[in-house]
Amino acid sequence: MSSSVPDYSKNVSVIEGKPSLRSIDDLISKPLDTKPDKKYYIALAVTTTMLMIGAIALLASFYYGTGLWGNNNPVGWGFPIVNFVFWVGIGHAGTLISAILFLLRQKWRNGIARFAEGMTIFAVMTAGIFPAIHVGRPWLDGYLFPYPNQHSLWVNFNSPLLWDVFAVSTYFTVSFIFWYVGLIPDFAILRDRTKSKIKKTIYSITSLGWRGSNRHWQHYEMVYLVLAGFATPLVLSVHTIVSFDFAVAILPGWHSTIFPPYFVAGAVFSGFAMVQNVLIFIRKIFNYEHIITIDTLEKMNKVILLTGSLVGYAYAMEFFIAWYSGVQIEQFTFVNRAFGPYAWAYWIMVSCNVLFPQLFWIKKIRRTIPLMFIIAVLVNVGMWFERYVITVSSLARDYLPSSWAYFTPTLTDLSILLGSFGFFFTFLLLFTKTLPVVSIVEVKAVVEGSQPSHKDH
Amino acid sequence: MDEKILYGYTGLFDTPDEIIEAAEKTAAEGFQKYDVHTPYPVHGMDAAMKLKPSKLPYIALAVGLSALFVMFIFMYWMTTIDYPVIVGGKPFFSFPAWVPVLFEITVLSASIGTVVTMIAIFFKFPNISHPLHDTDFIRSVTSDKYGISIEAEDPKFDEEYVRSFLASIGAKSITAIYWDNDEVNFKNTVLQPKFITFLIVVALAVSGTTYFTLNKLMFMVPFNWMREQSKYIPQEVSTFFSDGFSMRVPVKGTVARGNMPYRYAGDPDAAGKELINPLAITEKNLELGKKKFDIYCSPCHGYFGKGDSRLRGQFPNPPSLHSEKVRNWSDGRIYAVLMDGQNVMPSYASQLNRNERWAVILYVRALQRSLNAKESDLK
């Protein structure tokens, strides 16, 4: 078709070409069947080094105490909370892709859902580290859960920080279940094609004995739908509750009703950017170009554009409300953000989150891989700084000018941040070599000719 | 057992259209114990097999609602009955603040409940020794073929008939599947000594680690740094001060906040001369005085100060407060008794604050007046 208007009445295929089902098996399980090459080991060495740096910084913090961090009066929520919100945000893309896009019947999600779910799990694990270490004595974290302890005290159900405990642990568990349920049929495929005895035993156990029976498929699909239905409000609730950590406090710049939607949009924004970054590598290295097509990447870019604009709208609206409310301190806070001591962070945030993603209006840029990679990296930088600006600038200058101070992170803070990236990417690398990073079953189900033609229905 | 037991017959198909047609025919033929195996869910197969809709959503609903209910009761009990703590001036039962946790628990339980029910009850998984496993049939249907299996337990099953039926609907590589002898002769090995030993080892390891963590590790560096801080606790010997006391005497003339220095210790007569009751005789003051007198004085002096102790001789009975002597004392003189004590009567300086002491004295005066009323009081 030469005209520029595509024919929307026709179902476009999500998988390019018409690969045979067996070739899909072969392609997706290839990384599991072959020995990793040198590049993989180099990548792993880099990420584990980062991880070790973070681990050493963490051990030092446990031994000497959190005084090694930049956190101090009045900025008691320094890097740990910034990093927590950042990583939880990254973790939002996976469930969004696997659950919300599933409910919306977006077939292009099938190629990337497994991978995005994996990223969700690792990102939430990374995020979980931070509140746990922020208490300074992580071995006492058990008190966060209501159990009959020797003080016969219960937790405080009125606190947003406790809601966080429930939201994040529920999110992790449900994402994990979702992921595992998706993996069961794939494990069965791997079980039936592997030649190694050890792998066969492992896959036999993890596949639970899946037989591809349609009497099972029927319930399986229903459960998948039910889980997607649960995960959708869940994913929205998680970042809403994270935003309550701020919004329920009475600090100027935090105490605002726009926070829940603003945070959720930001989370999806950063999550999609991170998925995009990693997918670009994966499809290249493993030759998945026809499964994770350029069309899919373009659709991801559209979501980034949308959520980026939402975030930009929220930034503008915060200023508007500060002016409109007539509250002096609120107005001061926002002027201070843009032109005060944290102006550098603020303008990094605005340019990376609002300006650069607008380039995605241009179709050419949406489909050029190097450009979208750069923009996605910038989005992640910008989103990290968004959390930095919100957390730090409000705390550093609140109602009492006598207690104002400037927050400076320490080397330990930066090492732990580096370590969190190491943690995340180490898990991701191990994941690509141990589990199918693309759902074999879901890809098969959307290959052309894989569904009956319904001639007599 | 040497003779193999037949599980059923299987046949393979190449395209989704063929398998749908085959499933429709098998259902129409009246087979019940048959199944279709596909590498991915094939649209329209449920209708072709005439399967009833899955009941799992009801399970999800039931589990979710019960979890919501149980969690609500649990939270209500924790925050309003078992250990009520006021937080931020909110009522104990502050439902809006509970919504997030209730929501998360509902979703969590419903998800786990549904998936576990599906796997354990609907699928009867884990089951990795099904006769179909490790057959060419299963290897094909998890990859790129579509298969049908008809079980020997089907009421209409007959080897010859099923084989020809499968051929008639166009199935390829029709094979008979037998139970594995191992699977049939499977014996429960749970009570083997090896396994029991394993269990014991696990139990010892788990309880040992727990014991070590809770009773030893938590008292080691750095885990004990919260408990053992470098500070003096009361009565501890000091190596820093030459007198060896860690508690220091305040600088001379130090006055604690909210405390009025008492200058007449040991000199009741001076107190009697110089101290004046600062309180007015008001109903409020008298009420406070009565309350404190009933609490602190009445056990020995009796409710009316007559010296009728309730201590049944465990403590020397005090004299009556209605004596000539006490009636003629000034308020300041009684105050001195409360501050210093008198002979066996201990000091009440730390139990009553200044205001309360004077209020008690007002009340003692009222008691004295009640037994020795003046002519004028009758009017």
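Predicted model: local features only at pLDDT ≥ 70, side-chain atom pairs only at ≥ 80, totals over all residues.
Residues are numbered from 1 along each chain as its sequence is written, chains are lettered from A and ligands numbered from 1 in the order in which they are written, and side-chain values use heavy atoms, leaving out hydrogens and water.

**Exercise 1.** Compare the radius of gyration of chain B with that of a compact globule.

*Solution.* Start with the rule: take C-alpha atoms, and for the globule use 2.2 Å times the number of residues to the power 0.38. Next, look at the principal axes: the C-alpha trace of chain B spans about 125 × 65 × 40 Å along them.

**Exercise 2.** Describe the interface between chain B and chain A, starting with the residues on each side.

*Solution.* First, the head count: chain B puts in 76 residues and chain A 67, with contact meaning heavy atoms within 4.5 Å. Then the area: about 6500 Å² is buried between the two chains, 66% of it on carbon and sulfur atoms (accessible area, 1.4 Å probe, lost on putting the two parts together and summed over both).

Now the salt bridges (side-chain nitrogen of Lys or Arg within 4 Å of a carboxyl oxygen of Asp or Glu). There are two between these chains, and one of them pairs A:Arg22 with B:Asp144 at 3.4 Å, N to O.

Last, who supplies the chain B side? Helix H4 (95-122) is among the elements giving at least two residues, and H4(B) has the largest share, with 17 residues. Helices here are DSSP runs of H or I, at least four residues, and strands are E runs of at least two, numbered from the N terminus.

**Exercise 3.** Find where A:Arg105 sits and say whether it is buried or exposed.

*Solution.* Begin with the backbone: A:Arg105 is not a glycine, yet its phi is positive, about 60°. Then place it: A:Arg105 lies in the loop between helix H4 (92-103) and helix H5 (113-134) of chain A. Finally, check accessibility: A:Arg105 is exposed, with a relative accessible area of 60%.

Note on methods. Buried < 20%, exposed > 50% of the residue type's maximum accessible area, 1.4 Å probe, protein only.
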